[in-house]
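The structure is shown first, and the notes follow by topic.

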Amino acid sequence: MNACKRPEEESRPVIDLALFGALGDLSLRKLYPALYHLDREELLHDDTRVLGLARQDTSVDAFRQRVAETLQTYVKASELDRDAVNRFTARLDYLQLDFATPEGYRAIAEWRTAVRHDTGGCPLMVYLAVPASLYGDICRNLKTGGCLDDLSRVVVEKPIGYDFESSCEINDAIGEVFPESRIYRIDHYLGKETVQNLIALRFANPLFGTQWNQNHISHVEITVAERVGIEGRWGYFDRAGQLRDMVQNHLLQLVCLIAMDPPANLDADAIRDEKVKILKALQPFSDSRLNRDVVRGQYIAGTIKGKSVPGYLEEDGANRDSDTETFVAMKTSVANWRWAGVPFYLRTGKRMPEKLSQIVIHFRQQPHYIFDPDQRNLAANKLIIRLQPDEGIALEVLTKDSGLDRGMRLRRGPLHLDFSSAFPQERIPDAYERLLLEVMKGRQYLFVRRDEVEHAWHWCDSLIAAWRDMGEPPRRYPAGSWGPVASIAMITQDGRSWYEDY
Ligand SMILES: NC(=O)C1=CN([C@@H]2O[C@H](COP(=O)(O)OP(=O)(O)OC[C@H]3O[C@@H](n4cnc5c(N)ncnc54)[C@H](OP(=O)(O)O)[C@@H]3O)[C@@H](O)[C@H]2O)C=CC1
Ligand SMILES: O=C1O[C@H](COP(=O)(O)O)[C@@H](O)[C@H](O)[C@H]1O
């Protein structure tokens with residue numbers, strides 16, 4: 001479906017939302033706040049209903065109360081109002097269910113009939129906020145329980161599987177029940193405002209369109225740093241690690257959006273086709289350069305913002321010695337005409353000094369330099385795309401230093417578009433708000449197609465296999481630092497440095 005319709009042309013469809021994992025971390029922290037905001041901004045149809053499904057024995061009233069409490073925690077006080085909270089929680093129902101067994105699923109169809117006599121034309125939106133190992137069972141049980149029809153759609157979370165093979169099994173199981181056109185694979189980075197803006201920036205501005213290639217760009221840098229540690233998710237995380245948790249999905253999606261060719265239009269498949277070409281062109285790491293081009297790290301105890309924090313092996317739930325990485329930095333490349341010879345430096349880690357996600361596009365220097373030789377290292381433009389916090393875009397340009405006695409001294413300064421000061425009246429919506437709304441409207445362009453997931457796994461699997469063969473433990477870094485020293489050396493060996501103007 002075309003994504004270019006004006007908002008006033010869009011309807012607010014009535015949806016029956018069945019939320020599996022209704023008392024889990026993702027639902028409480030992200031999904032209810034997002035749904036609440038949509039409701040408050042009148043983007044949910046009055047008749048839209050939400051059925052929370054979980055295995056705890058609790059009443060509808062207690063469930064609504066729990067959701068109201070979670071909103072107090074995760075929605076800014078200035079955006080909470082009692083009437084809106086009451087209106088939202090009144091949409092909620094609750095059903096106790098063991099997802100793994102088929103018994104009980106009929107109750108979902110019965111709930112739909114009970115909340116509206118005629119469900120014709122009202123799609124069932126199934127959201128699976130549960131471990132991916134349950135996706136297949138739930139889809140099959142929904143089908144045998146008579147809950148689905150031709151309008152039903154399913155939303156699944158990342159990571160899909162643990163490697164290429166397990167992702168195929170999971171995708172096959174979902175695909176036996178839902179066609180690809182009704183499967184919405186979430187990568188919440190695709191819903192972030194500035195990530196969306198990457199598409200606008202690249203394809204709406206001829207200025208960048210003509211410069212976006214190896215003739216003009218020397219290298220690309222992506223940093224996704226988190227201040228948090230494992231936050232009670234040690235069991236999940238220790239099996240996954242930062243490569244599977246963040247690189248396989250979020251960072252590779254960012255690489256795709258930076259590197260892809262212009263799609264013919266904004267249709268979901270036009271965009272996804274271009275992204276897949278990039279995933280296929282990503283270079284595997286050679287054994288001989290692995291040690292230089294990839295750095296794995298694991299945090300030890302340290303200090304963040306003056307507060308002591310434990311090491312990875314001392315986090316809540318840690319139950320064994322572990323070589324799982326909590327940090328990865330790598331130098332990779334996209335082997336095609338546009339990007340030949342342009343390194344992409346990626347790094348992501350937990351327990352870093354800041355929460356910071358940013359992309360820096362480093363442009364090449366002028367072919368002939370005429371200014372003070374001492375200032376030569378200043379002489380290249382940078383485009384800084386800040387995803388979070390302080391969403392915005394800045395272009396670092398060189399101008400003449402003012403003053404009568406400075407001659408033609410250069411100075412570096414930003415042309416800065418800070419979204420919150422440029423458009424102060426607009427709240428920047430959370431990624432999940434946008435993504436939930438897109439599913440309700442039946443638009444897939446912000447969701448990941450099966451072949452994207454599989455190409456991304458292929459690339460990660462080969463890296464993981466090489467790590468295994470190498471057999472080296474991750475390098476330790478103190479919590480509150482920017483990762484192992486080797487990750488700095490990785491980029492300085494090329495005469496460059498990580499952009500540090502935070
Ligand atoms: N949390 C996050 O920030 C993110 C999560 N995700 C993905 O979202 C999904 C959910 O993650 P998260 O919310 O963290 O996980 P949680 O473990 O917090 O929540 C999963 C919920 O599913 C329930 N559940 C598991 N098995 C069954 C079953 N057989 N029957 C009924 N209920 C069951 C659990 O219930 P019980 O508590 O009773 O065991 C739990 O409440 C995962 O796929 C994860 O990878 C993706 C991005 C970020
Ligand atoms: O998917 C995930 O993302 C979060 C980071 O998301 P952000 O929007 O806060 O940047 C990460 O903490 C989590 O481990 C991972 O599963």
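**Ligand surroundings and fold**

The model is a predicted one. The protein chain in it has 502 residues, with a secondary structure of 15 helices and 17 strands.

**Ligand shells**

**Overall fold**

- The protein chain contains 15 helices and 17 strands. Its radius of gyration is 24 Å, close to the 23 Å from the globule rule for 502 residues, so the protein chain is as compact as a globular protein of that length.
- Along the principal axes, the C-alpha atoms of the protein chain fill a box of roughly 80 × 55 × 45 Å.
- Of the 502 residues in the protein chain, 39% are buried.
- Among contacts in the protein chain with a separation of 6 or more, 78% are between residues 24 or more positions apart.

**Helix H1 against helix H2**

- Two packed helices are described by the angle between their axes and the distance between the axes.
- Helix H1 spans residues 25-40 and helix H2 spans residues 60-74; the two pack at an angle of about 95°, with their axes 9 Å apart.
- Angles of 65 to 115 degrees count as roughly perpendicular, and H1 and H2 are therefore roughly perpendicular to each other.
- On the H1 side the contact involves Leu28, Arg29, Tyr32, Pro33 and Tyr36, which meet Val67, Thr70, Leu71 and Tyr74 in H2.
- The contact of H1 with H2 has, by class, seven nonpolar, one polar and one charged residues.

**Helix H1 against helix H13**

- H1 also packs with helix H13 (residues 431-441), at an angle of about 70° and with the axes 8 Å apart. H1 is therefore roughly perpendicular to H13.
- H1 contributes Lys30, Leu31, Ala34, Leu35, His37 and Leu38 to this contact, and H13 contributes Tyr432, Glu433, Leu436 and Leu437.
- By class, the contact of H1 with H13 consists of seven nonpolar, one polar and two charged residues.

Key. Residues numbered from 1 in each chain as written. Chains lettered and ligands numbered in written order. Predicted model: local features only at pLDDT ≥ 70, side-chain atom pairs only at ≥ 80, totals over all residues. Helix = DSSP H or I, 4+ residues; strand = E, 2+ residues; numbered from the N terminus. Rg over C-alpha atoms; globule rule 2.2 N^0.38 Å. Buried ≥ 20, exposed ≤ 12 C-beta atoms within 10 Å, placed from the backbone. Contact = placed C-beta atoms within 7 Å. Axes fitted to C-alpha atoms, helices over the stretch in contact; angles between N-to-C directions. Parallel < 35°, antiparallel > 145°, perpendicular 65-115°, else oblique. Nonpolar A, V, L, I, M, F, W, Y, C, P; charged D, E, K, R; others polar.
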